[in-house]
Amino acid sequence: MAPAKSSVVKKSKFVIDCSAPANDKIFDVAAFEKYLHDRIKVDGRTNNLGEAVTITRADNKIIVHANISFSKRYLKYLTKKFLKKNMIRDWLRVIASDKQTFQLRYFNIANDDEEADEE
């Protein structure tokens with residue numbers, strides 16, 4: 001006998017905090033939100049978000065609510081792809097600050113400069 005499928009809906013909420021680069025005016029949060037709307041795939045198809053995935057923007061944060069199984073790693077992949085497309089991947093990195101949140105942070109270049117001065 002085949003196992004019965006459960007009708008439990010997996011709900012998840014992910015936050016991408018873009019406050020540091022957005023305050024410095026090098027990152028456009030509205031363009032990133034539109035990029036996510038255009039690129040997130042549901043059932044293998046883009047522009048198929050419907051009620052399954054909702055993307056909202058609050059200040060400099062993007063909030064993704066998913067009513068289906070949704071990977072946090074997929075959001076990181078899309079974020080890095082957006083950074084590369086806008087040629088700011090060399091200065092920003094995506095860090096998981098907790099289980100449901102990503103942050104965009106600058107690379108620590110100051111430490112490398114201090115080490116070069118000492119030599």
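Visitor: With which residues is K72 in contact, leaving aside its neighbours within four places in sequence?

Guide: K72 is in contact with F14, A96, D98, K99, Q100, T101 and F102, where contact means heavy atoms within 4.5 Å. The model is predicted: local features need pLDDT of at least 70, side-chain atom pairs count only at pLDDT 80 or more, and totals for chains, interfaces and linings use all residues. Residues are numbered from 1 along each chain as its sequence is written, and side-chain values use heavy atoms, with hydrogens and water left out.

Visitor: What makes the approach of K72 to the backbone oxygen of D98 a polar contact?

Guide: The side chain of K72 reaches that oxygen of D98 at 2.9 Å. A polar contact is a pair of N or O atoms within 3.5 Å; within protein, one must be able to donate a hydrogen and the other to accept it, and residues adjacent in sequence count only if both atoms are side-chain atoms.

Visitor: Where is K72 found?

Guide: K72 is found in helix 3, a DSSP run of H or I with at least four residues, while strands are runs of E with at least two.

Visitor: What makes strand 1 and strand 7 a pair?

Guide: Pairing needs at least two bridges found by DSSP; strand 1 (residues 12-17) and strand 7 (residues 101-106) have three, in the parallel sense, so they pair. In strand 7, T101 is the bridge partner of V15.
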